[in-house]
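The sequence and structure come first.

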Amino acid sequence: MEKAEKVMVKGTEAIGEAAIRAGCRLYFGYPITPQSELTEYMARRLPEVNGTFLQAESEVAVSNMIYGAASTGKRVMTSTSSPGFSLMQEGVSYIAGAELPCVFVNVVRGGPGLGDIQPAQSDYFQATKGGGHGDYKLIVYGPESLQEAVELTIRAFDVADKYRIPVLLLTDGLLGQMMEPVKFPSFKNLNTLPDHSDWALTGTKMQREPHRVTSFDLDPVKLEKMNIQRHEKYKTIVKKEKLFEEYKLNDAEVVLVAYGTMGRIVKSVVDTAREKGVKAGVFRPISLWPFPYEELGRYTENAKLFFTVEMSFGQMLEDVRLAVNGKKPVEFYGRTGGVVPTPGEVLAKLMELV
């Protein structure tokens, strides 16, 4: 896997290998379907590159281990699935409050509660609106393919370091379990990774002043100042880090909006709809936060209808409505509980609408 050639690989393992090539040498995790293969892969692979794998006693422990490891300035990640990510939320809030770079992977399954192990997109609110307490944000990416998952995993580590912020890769059970040909990039030179010596907890042997990594301050004025500084950073991220794909939108009168697996599925719907004379196109948000509100909103000038498709009862739908801002109708179709909408049923709904 050293050469830049395509190899057939499973989704979870592709993400794990991409993380290692991005310079991640620390992984803490706890197995849960449908992402346990990622944990298993890291357990096998990290010792081969002088990395450290540790299976914690729970997802709660995992998030706190991530906090500690990220405080040293090293690249660290974990992966889980929906119920497990819920258990991590206190730690995620602490990490965001302490402004620590790290990467989380949520391979979403059906819910709520224990649910099932089938693919879903019903963790969108938790991912993009903040699943824990306090005013904080995560950068969130939703890949549509394994190749894109590899590229976004590497990007996740880079932007996490750039902004000192946790980044979440939001996939689903379908992407996690499927196999596709993937081309991996070469390994990053660990000596060229960003230098965090100005804030990281690395010991004070060099006679420097001790560093302090915390989200805690009993003085409300000081805590508010910390929050204001953090949100100024979020404004910069909104300006510079939005990612999206536009598919056959030049003359589109109907704009289908979907992300991740559904963003991939609805492209075939658009192809068939155009054969039937319907001018349709796809707007696919890749960064779910920051969400490309302005970029999607521009299509209100020419489009007659917006049609959101999700593996949920409509969570990204709210962001689409905010982007459209009442200027054009926004319709919705979704399945939940682990049911994946087929191109045929989405097309039938689209033709009904037009």
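The model is predicted: local features need pLDDT of at least 70, side-chain atom pairs count only at pLDDT 80 or more, and totals for chains, interfaces and linings use all residues. Residues are numbered from 1 along each chain as its sequence is written, and side-chain values use heavy atoms, with hydrogens and water left out.

## Pockets and cavities

Both kinds of space are found on a 1 Å grid over the protein atoms alone. A cavity is a set of points where a 1.4 Å probe fits but cannot get out, while a pocket is an open set with protein on both sides within 12 Å along at least five of seven lines. Lining residues have an atom within 4 Å of a point. Grid points are joined across faces, edges and corners, and a volume is the space filled by probe spheres set on the points. In the class counts, Ala, Val, Leu, Ile, Met, Phe, Trp, Tyr, Cys and Pro are nonpolar, Asp, Glu, Lys and Arg are charged, and the others, Gly among them, are polar.

| Space | Volume | Lining by class |
|---|---|---|
| Largest pocket | about 400 Å³ | 5 nonpolar, 7 polar, 6 charged |
| Second largest pocket | about 240 Å³ | 4 nonpolar, 6 polar, 2 charged |
| Largest cavity | about 50 Å³ | 6 nonpolar, 4 polar, 1 charged |
| Second largest cavity | about 40 Å³ | 5 nonpolar, no polar, 3 charged |

The largest pocket has a volume of about 400 Å³. It is lined by 18 residues, of which Gly-73, Lys-74, Leu-190, Leu-193 and Pro-194 are the closest to its centre.

Around the second largest pocket stand Ser-93, Tyr-94, Ala-96, Gly-97, His-133, Gly-134, Asp-135, Tyr-136, Ser-215, Leu-223, Asn-227 and Arg-230. Helices and strands are DSSP runs (H or I, at least four residues, for helices; E, at least two, for strands), numbered from the N terminus. Two elements, α5 (89-97) and α9 (220-240), each supply at least two residues of this lining. The most comes from α5, with 4 residues.

Cavities of 30 Å³ or more number 2 in the structure. The lining of the largest cavity consists of Val-108, Ala-120, Gln-121, Pro-143, Leu-170, Thr-171, Asp-172, Leu-175, Tyr-259, Gly-260 and Thr-261. Here β7 (166-172) and α10 are the elements that give two or more residues, and β7 gives the most, with 3.

Buried means under 20% relative accessible area, exposed over 50%, and partly exposed in between (1.4 Å probe, protein chains only). In β4, 5 of 5 residues are buried. Val-76, Thr-78 and Thr-80 point one way from the strand, and Met-77 and Ser-79 the other way.

Two strands pair if DSSP finds at least two bridges between them. Strand β2 (residues 26-29) pairs with β4 in the parallel sense over 2 bridges, and Tyr-27 has Met-77 as its bridge partner. Strand β5 (residues 102-108) also runs parallel to β4, joined by 4 bridges, with Val-105 opposite Ser-79.

Ser-81 lies in the loop between β4 (76-80) and α4 (82-87). With a relative accessible area of 0%, Ser-81 is buried. Its side chain reaches the backbone oxygen of Val-107 at 2.5 Å, a polar contact (a pair of N or O atoms within 3.5 Å; within protein, one must be able to donate a hydrogen and the other to accept it, and residues adjacent in sequence count only if both atoms are side-chain atoms). Contact in general means heavy atoms within 4.5 Å. Beyond four places in sequence, Ser-81 is in contact with Ile-32, Thr-33, Pro-34, Gln-35, Asn-106, Val-107, Val-108 and Arg-109.

## Two further residues

Leu-138 sits in the loop between α6 (124-129) and β6 (139-141). It counts as buried because its relative accessibility is 5%. Apart from residues up to four places away in sequence, Leu-138 touches Val-92, Ala-127, Ile-165, Pro-166, Leu-168 and Trp-289.

Thr-272 belongs to helix α10 (residues 260-275). At a relative accessible area of 29%, Thr-272 is partly exposed. Thr-272 and Phe-306 are 34 residues apart in sequence and 17 Å apart in space, C-alpha to C-alpha.
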